[in-house]
Amino acid sequence: ADRTRLVDRASAAAQSRGRLRISHAKSSTSLLARDMFHNVVKTPLRTIVAFVFFSYFLAAFVFALLWWAASSRCDVGVGSFRGAFLFSVETLFTIGYGTRDQFFDGCWEAPLLVFSEGMVGVLLGCVTLGIVYTRGRAEIFRLGRPCFRGLSTSRPRR
């Protein structure tokens with residue numbers, strides 16, 4: 001038998017028995033772990049939407065806790081966690097500010113929180129845009145590929 005062939009030709013009339021000479025050498029899951037972006041892109045769309053929603057919600061929740069803790073020192077104007085959460089969403093999505101003092105009564109924590117939450121919002125937006133764009137480009141690429149189902153090639157018998 002010819003060991004260099006991918007498909008065996010040991011059957012009658014040099015036909016294949018359907019066996020392929022393929023072996024996986026040193027396959028590692030660490031390669032998949034290193035390419036998390038493309039693993040996320042390949043997941044189903046509803047999982048991606050849930051992941052993005054959860055990521056934004058978690059960011060707003062964590063920053064709401066920080067705004068609530070800083071509200072007494074920085075004159076943010078939030079009296080409850082609900083108010084802190086709404087203020088956090090307002091900052092995360094840069095909708096606008098409804099605070100009493102836009103300088104936060106000279107508090108140093110508030111500009112740091114505004115900057116940090118703004119950067120987290122921008123980064124989450126970039127990751128979301130990258131995933132959506134990559135998924136869309138992969139779909140367009142897949143649609144443009146030629147498909148050769150039902151066709152076969154043959155070589156002359158020797």
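Colleague: How many of the 158 residues of the protein count as buried, as a percentage?

Modeller: In this predicted model, 20% of the 158 residues count as buried. The fold behind that number has 5 helices and 0 strands, so if you walk from the N terminus you read α-α-α-α-α.

Colleague: How do you know that cysteine 74 and cysteine 107 are joined by a disulfide?

Modeller: Look at the sulfur atoms. They sit 2.0 Å from each other, and the cut-off for a disulfide is within 2.5 Å, so the pair of cysteine 74 and cysteine 107 qualifies. The structure holds 1 disulfide. If the word is new to you, a disulfide is a covalent bond between the sulfur atoms of two cysteines.

Colleague: What parts of the chain does the pair link?

Modeller: Distant ones, 33 residues apart. Cysteine 74 belongs to helix H3 (residues 45-74), while cysteine 107 is in the loop between helix H4 (81-92) and helix H5 (109-143).

Colleague: Which residues touch the most other members of the largest nonpolar core?

Modeller: Those are Trp67, Cys74, Val76, Phe87 and Phe104, out of 13 residues in that core. Helices H3, H4 and H5 each give two or more residues to this core, and H3 gives the most, with 5 residues. Apart from it there is another core of 9 residues, including Val52, Tyr56, Ala60 and Ile131. As background, nonpolar side chains in soluble globular proteins tend to be buried together.

Colleague: What makes serine 88 buried?

Modeller: Serine 88, which is in helix H4, has 0% relative accessibility. Buried means under 20%, so serine 88 counts as buried. Leaving out residues up to four places away in sequence, serine 88 touches Ala59, Ala60, Phe63, Ala64, Trp67 and Glu117.

Colleague: Why is the pair of phenylalanine 57 and phenylalanine 61 called stacked?

Modeller: Take it in two steps. The ring centres are 6.4 Å apart, and rings pair if their centres lie within 6.5 Å, so we have a pair. The planes are at 20 degrees, and under 30 degrees counts as stacked, so that's the label. Phenylalanine 57 and phenylalanine 61 are 4 residues apart in helix H3, which means about one helical turn separates them.

Colleague: What makes the pair of phenylalanine 57 and phenylalanine 85 tilted?

Modeller: Here the planes make 55 degrees, with 5.7 Å from centre to centre. Under 30 would be stacked and over 60 edge-to-face, so 55 degrees gives tilted. Phenylalanine 57 lies in helix H3 and phenylalanine 85 in helix H4, so this pair ties together parts 28 residues apart in sequence.

Colleague: Which residues do ring pairs link into a cluster?

Modeller: Phe57, Phe61, Trp68, Phe81 and Phe85. The structure holds 7 aromatic pairs.

Notes
Residues are numbered from 1 along each chain as its sequence is written. This is a predicted model: local features need pLDDT of at least 70, side-chain atom pairs count only at pLDDT 80 or more; totals for chains, interfaces and linings use all residues. Side-chain values use heavy atoms; hydrogens and water are left out. A nonpolar core is a set of buried Ala, Val, Leu, Ile, Met, Phe, Trp, Tyr and Cys residues joined through side-chain atoms within 4.5 Å. Buried means under 20% relative accessible area, exposed over 50%, partly exposed in between (1.4 Å probe, protein chains only). Contact means heavy atoms within 4.5 Å. Rings of Phe, Tyr and Trp (its six-membered ring) pair if their centres lie within 6.5 Å; planes under 30 degrees apart count as stacked, over 60 as edge-to-face and the rest as tilted.
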